[in-house]
Amino acid sequence: MKLGSLTGGRDGRLIVVSRDLAWCADATHIAPTLQAALDAWETVAPRLEALATDLAHEAIPMMRFHERQADAPLPRAFQWADGSAYVNHVELVRKARDAVLPESFWHDPLMYQGASDRFLPPRGPIPLADEAWGCDFEAEVIVVTGDVPQGADRATALAAIRLIGLVNDVSLRNLIPDELAKGFGFVQSKPASALSPVLATPDELGDAWADGRLRGILSVDLNDRPFGRADAGVDMTFDFGTLIAHLAKTRSIGAGSVIGSGTVSNRAADGGPGRPVADGGLGYSCIAEQRMVETISGGAPVTPFLKAGDHVRIRMDDAHGHAIFGTIEQTVATA
């Protein structure tokens, strides 16, 4: 099934959405919000599944689902932890500044704790107060968990995945170096991110979801031109079970925690960093990666970061060309 939230209150109003994203049904009589559903998943999920079946058969009152009226499925979450599962992305970033990639990065995941008190709506603007901050998008896959006990192994972590979707993890690249130099992680350089209009249960995705990885082309357009066409199931060094288990090593994880894959990144067929879509490559899922490739190949970056009026579109289609999770579509606006 597919779940979302319409705007209303700080945590939205829970809805079940049809597979083609054309229709939805109010689910607040089962659980008022998605977080409430996740808190009582074993009891609530079967009732939501039944509602989704009734919606598919047009057996209940339903309404048109308009993505522009949707809030983030989880307008605020108890936790947002973003990994870096595509080590190719990390390797490129370090190579561009002549830094060696530590061997540990291939078996010990990178992860940071982000802000979860507000996720942006999928069609809401990206607020930017200063273009000098170097605003960038990052197209990623996310999962939402149920409760995970401390010390959970990979299998337990995988079993705790309740929902899957996409995120635009907004980054302020020019603020990152000074923050990292402090040795204490991201704060100002990681503002609010935007979630996809809907999240889907693992069974809804069929063969596209297997072994903790989502397989499919993650399409990214910048100002209506193809920017990235990476396959999320390729070059993913750490699956979501591994990422969740990594997070759970020293703590329990509460239901409603959002875990990110990090920027989806593919190598070229020859093992190199890849080429832009315009040059016949798979492109990139963030501007920083294209800038890194430009630096490696030409000595300096060419592509600018986002400015007011720039338009970003992120989606993943099924085999029939229909958006699985809806579309994240945002325009940079002066904050």
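Modeller: The model under discussion is predicted. With these classes, the lining of the second largest pocket consists of eight charged, four polar and four nonpolar residues. This pocket has a volume of about 330 Å³. Its lining comprises 16 residues, and those nearest its centre are Glu 204, Leu 205, Asp 318, Ala 319 and Ile 324.

In the largest nonpolar core, which has 68 residues, Leu 205 is one of the five that touch the most other members, together with Ile 164, Leu 214, Phe 240 and Phe 325. Helix H6 (residues 240-247) supplies the largest share of this core, namely five residues. Another core lies apart from it, with 33 residues, including Leu 14, Val 16, Ala 72 and Tyr 112. As a general matter, nonpolar side chains tend to be buried together in soluble globular proteins.

Leaving out residues up to four places away in sequence, Phe 240 touches Val 141, Ile 142, Val 143, Leu 158, Ile 161, Trp 209, Gly 212, Ile 259, Gly 260 and Ser 261.

Ile 314 belongs to strand S20 (residues 311-316). Ile 314 counts as buried because its relative accessibility is 0%, and the cut-off for buried is under 20%. Beyond its neighbours within four places in sequence, Ile 314 is in contact with Ala 139, Leu 166, Asn 168, Leu 218, Ser 219, Val 220, Gly 326, Thr 327 and Ile 328. The C-alpha atoms of Ile 314 and Ser 285 are 9.1 Å apart, although 29 residues separate the two along the chain.

Arg 162, in strand S11 (residues 161-168), is a charged residue by the classes above. A polar atom of the Arg 162 side chain lies 3.1 Å from the backbone oxygen of Ala 159.

Ser 84, Val 87, Val 90, Phe 105, Asp 108, Pro 109, Leu 110 and Phe 238 line the largest cavity. Six of these lining residues are nonpolar, one is polar and one is charged.

Methods: Residues numbered from 1 in each chain as written. Predicted model: local features only at pLDDT ≥ 70, side-chain atom pairs only at ≥ 80, totals over all residues. Heavy atoms only, no water. Core = buried A, V, L, I, M, F, W, Y, C linked by side-chain atoms within 4.5 Å. Buried < 20%, exposed > 50% of the residue type's maximum accessible area, 1.4 Å probe, protein only. Helix = DSSP H or I, 4+ residues; strand = E, 2+ residues; numbered from the N terminus. Contact = heavy atoms within 4.5 Å. 1 Å grid on protein atoms, 1.4 Å probe; cavity = no way out; pocket = protein on both sides within 12 Å on 5 of 7 lines; lining within 4 Å. Points joined across faces, edges and corners; volume = space filled by probe spheres on them. Polar contact = N/O pair within 3.5 Å; in protein donor to acceptor, adjacent residues only side chain to side chain.
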